[in-house]
Amino acid sequence: MSAAEAVASERTEFLRDALAGLSGAAKTLPGKYLWDETGSDLFDRICAHPDYYPTKREMALLPRVAAEMAALVGPGVSVVEFGSGASRKIRTLLDALEAPAAYLALDISGAYLEAAIARLAPDYPKVPMVPVCADYSKPIRLPPGAAAPPILGFFPGTSIGNFTPEQAKGFLARARETLGPSHFLVGADPTHDPARLRRAYGEAGGLMPALHLNLIERMNRELGSDFDRSNFRHEVRLADDPFRVEAHLVATRPGAYQLGDRTIRFAAGESIRTDTSHKYAPDTFRALASAQGWEPVRLWVDEDSGFSLHLFQAR
């Protein structure tokens, strides 16, 4: 498939998903569409903002445990990172691991991925680096021969929380198939503090609203829709059973917009749910992963926020 054909295919899928999500009684858009080049850049800036605690706490915890983790997984591993983004956290792992054999970076934003690898590669000339543009919410086949065993999977941050518990089970099962006999290092966040969550997911110096409002601009740019960005405001909502943070774009006044061959209508106050972050206590997440074939090896917990890093081994 040519590059032009790939772009056309991706936009066809985007339109199909947008029409399906916005035609229901409760409007939604898949969170994966936040991550175009603009969205990825915004999230990179969010991660550096003091309000966004998950990255800060993870980056405090990861260097403290990296040597112990490296000893547990052993030398010569091929590292496969799901949702690599700017490929910054991986530096801590590559520095700690003994003679890493390769680094495969998986991300949905191809241009952002290529740029991140270009920045990273000169600092690790002995580590082959393979960018893999892929949607990890779907089955993934790694390039043949690119990741020889032993393998260490890496899924940092709170990305596992963007799946519902059932979707998380599916992801963990697919990762087991993708990685084969391997270890898997996964981050999870149990935070329930409403004030902390609202600052992190609702504000971050205005960057979080910009990330979600970029979805409106992306639909207009890539799908030819005519949504009025100024009619939507970003809002976070906390929900229970299971506990989660939901991001919404709320229409401030009635509106009707063209998307493909349909008119999408909004009442004042009606919203689009654009993302969800489920919060997992360590015991809950270990049980969920274990049911999908991942044996818990080691748990590390940040004393300030409870942010946790789980090391699993495929059974």
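Reader: Which residue forms a salt bridge with Asp 123, and how far apart are the closest N and O atoms?

Author: Side chains of opposite charge can pair when their charged atoms come close. A salt bridge here is a side-chain nitrogen of Lys or Arg within 4 Å of a carboxyl oxygen of Asp or Glu. In this predicted model, where local features need pLDDT of at least 70, side-chain atom pairs count only at pLDDT 80 or more, and totals for chains, interfaces and linings use all residues, Asp 123 pairs with Arg 91, the closest N and O atoms being 2.8 Å apart. Asp 123 is in the loop between helix H5 (110-120) and strand E4 (129-133), and Arg 91 is in helix H4 (residues 90-96), 32 residues apart. Helices (H or I, at least four residues) and strands (E, at least two) are DSSP runs, numbered from the N terminus. Residues are numbered from 1 along each chain as its sequence is written, and side-chain values use heavy atoms, with hydrogens and water left out.

Reader: How many salt bridges does the structure hold, and which residues do shared partners join into one network?

Author: There are 24 salt bridges. Glu 13, Asp 17, Lys 32, Asp 135 and Lys 138 are joined into one network.

Reader: Where does the partner of Glu 270 lie?

Author: Glu 270 bridges to Lys 27, with 2.7 Å between the closest N and O atoms. Lys 27 lies in strand E1 (residues 27-28), whereas Glu 270 is in the loop between E10 and strand E11 (271-278), 243 residues apart. Lys 27 is buried, at 8% relative accessible area.

Reader: Which residues have the most contacts inside the largest nonpolar core?

Author: In soluble globular proteins, nonpolar side chains tend to be buried together. A nonpolar core is a set of buried Ala, Val, Leu, Ile, Met, Phe, Trp, Tyr and Cys residues joined through side-chain atoms within 4.5 Å. The largest has 36 residues, and those with the most contacts inside it are Leu 22, Tyr 201, Met 219, Phe 227, Phe 232, Leu 259 and Phe 266. Helix H8 (207-223) is among the elements that give two or more residues to this core, and H8 provides the largest share, 8 residues. A second, separate core of 31 residues includes Phe 82, Ala 147, Phe 155 and Phe 285.

Conventions: Buried means under 20% relative accessible area, exposed over 50%, partly exposed in between (1.4 Å probe, protein chains only).
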